[in-house]
Amino acid sequence: MKIPKRIASSIMNSLKGGVVPRIGLPYITVGREQEIQALLHDVDIISEGGASFRFLVGKYGSGKTFLLQTIRGYCMDRGFVVMDADLSPERRLQGTHGQGLATYKELVRNMSTKTRPEGGALPLILDRWISQVQAEAATSAGLSATDPRIPALTEARIREVITSLNEMVHGFDFARLLTLYYQAYVGGDDETAAKVIKWFRGEYTTKTEARADLGVNIIITDDDWYEYLKIFALFLKRAGYNGLLVLIDELVNLYKIPNSITRQYNYEKILTLYNDTLQGRAPYIGFVLCGTPQCIEDTRRGLFSYEALRSRLSEGRFTGDGLKDMLAPIIRLAPLSNEEMLILTEKLSEIHAVLYDYPVSLSQDDRIAFIQAEFSRVGSSSHITPREVIRDFIELLDILYQNPSANVRSLIGEGSYQVALPGEEAVQDTDFAEFTL
């Protein structure tokens, strides 16, 4: 496997720590074809002026975040701008103490493109847009880039984009800030450009401060941050991108809100996002929210406690018997099959070998034995997750690398379970074969 050690190290360190790596996901992507295809179909709809809204539902460690980051990479490669954020006690969709605005700030901070995948892409997007408009103006008029008539032609084209934004809620102020940024860019006024970026990031706390710095009498707040995401989506399309994808993880933090009224306000915000996207009022934007089954389906505290959401998201009577509806708003992640886990362990073995410069030593029988051992534990059928299996396997690889005399059979035999290798009979632990309460 040809993989840079920098990426191999990031993959191994992230997975062993129980988190999803931000880079190198294609090297370890296994399964999830149906889910990925369903989400990529949504992406195609977004690029044509539509919108989408999906929930990814699965247990802790089931691969929600992994799938989210995989889609993130696919979308950036397809010319999309991606924003992502994890909810927390300080970051919600709605709040009275800036929690909603904090989520917006995190989303904008993590704004990413193919050329800036690590986030912080807003200044790059604005600069690229202006340069692109200047180049288009020069090309269409048959003029050189230094011709003195170029600025006037560029302003005319920028005015066209700005006019298209004016019809949206807060579009006039957004357009005015774009004009200020363009003037600062052309005039070399880095200070004003930085202030405009600060405004777009939602970092002005008072209207007085914004008016003094930029001459605008409005700031982004808890109540209207979502309106600005819709404006961003339309602007990004005008700026040459295919659309905007917003990824929000850790929905369980809304479920954990102790105050029922605050929870309902947050669920009402989700309903607003859901209705806007499905009714065509938010072009070129898509949302993917991740949560556990409990935070979605609990009728006392979860999303289903909000009747308007429950009635929209509940499954119909034909779903079941192993049949999945990938066109429904909720995509439920099934566990990876044993065959998929076997392929994943093979990929991890190869990456580990590349990272530490040694020939791959684990055979397929060794990996089969490991998987059998993992899934033979009590309760594994309902409780074990890919995260745990991956973490255990990387630990196994680390130990084998550091202790060349050790082998898979001995390591598995030292655990609380034993497993039969192919062609052998399983060893039964008789200490707990029978017990009486």
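How much space lies in the largest pocket?

A: In this predicted model, the largest pocket holds about 760 Å³ of space. Its lining is made up of 38 residues, and those closest to the centre of the pocket are Val19, Val20, Thr65, Phe66 and Arg387. Several elements of secondary structure each supply at least two residues of this lining: the helices α3 (64-77) and α18 (386-402), and the strands β2 (81-86), β3 (244-249) and β4 (285-291). Helix α3 gives the most to the lining of the largest pocket, with six residues. Sorted by class, the lining of this pocket divides into 18 nonpolar, ten polar and ten charged residues.

The second largest pocket has a volume of about 490 Å³. It is lined by 19 residues, and Arg22, Ile23, Gly24, Pro26 and Gly73 lie nearest its centre. Here α1 (5-16) and α3 each supply at least two lining residues. By class, the lining of the second largest pocket has eight nonpolar, five polar and six charged residues.

The structure holds one cavity of 30 Å³ or more, and the largest cavity has a volume of about 40 Å³. The residues that line this cavity are Leu39, Asp42, Val43, Ile46, Ser52, Ile71, Leu245 and Val288. Helix α2 (residues 33-47) gives the most to the cavity lining, with four residues. Six of the lining residues are nonpolar, one is polar and one is charged.

Turning to the rings, the count comes to 14 aromatic pairs. In one of these, the ring centres of Trp199 and Phe200 are 5.6 Å apart and the planes stand at 75°, so the pair is edge-to-face. Both Trp199 and Phe200 are buried. Tyr226 and Phe287 form another aromatic pair, a tilted one, at 6.0 Å centre to centre and with 55° between the planes. This pair links distant parts of the chain, 61 residues apart: Tyr226 belongs to helix α10 (residues 225-238), Phe287 to strand β4. Strand β4 is also among the elements that supply at least two residues of the lining of the largest pocket. Tyr226 has a relative accessible area of 1%, so Tyr226 is buried; Phe287 is buried as well, because its relative accessible area is 0%.

Ring pairs also build a cluster, which links Trp129, Phe174, Trp199, Phe200, Tyr228, Phe232 and Phe235. The edge-to-face pair described above, Trp199 and Phe200, therefore has both of its members in this cluster.

Charged side chains meet rings in two further places. Lys198 lies over the face of Tyr204, at 4.5 Å from the ring centre. The charged end of Arg301 sits over the ring of Tyr255, 5.5 Å from the centre of that ring.

Conventions:
Residues are numbered from 1 along each chain as its sequence is written. This is a predicted model: local features need pLDDT of at least 70, side-chain atom pairs count only at pLDDT 80 or more; totals for chains, interfaces and linings use all residues. Side-chain values use heavy atoms; hydrogens and water are left out. On a 1 Å grid over the protein atoms alone, a cavity is a set of points where a 1.4 Å probe fits but cannot get out, and a pocket is an open set with protein on both sides within 12 Å along at least five of seven lines; lining residues have an atom within 4 Å of a point. Grid points are joined across faces, edges and corners, and a volume is the space filled by probe spheres set on the points. Ala, Val, Leu, Ile, Met, Phe, Trp, Tyr, Cys and Pro count as nonpolar, Asp, Glu, Lys and Arg as charged, and the others, Gly among them, as polar. Rings of Phe, Tyr and Trp (its six-membered ring) pair if their centres lie within 6.5 Å; planes under 30 degrees apart count as stacked, over 60 as edge-to-face and the rest as tilted. Buried means under 20% relative accessible area, exposed over 50%, partly exposed in between (1.4 Å probe, protein chains only). A charge sits over a ring if NZ of Lys or CZ of Arg is within 6 Å of the ring centre and within 35 degrees of the ring normal.
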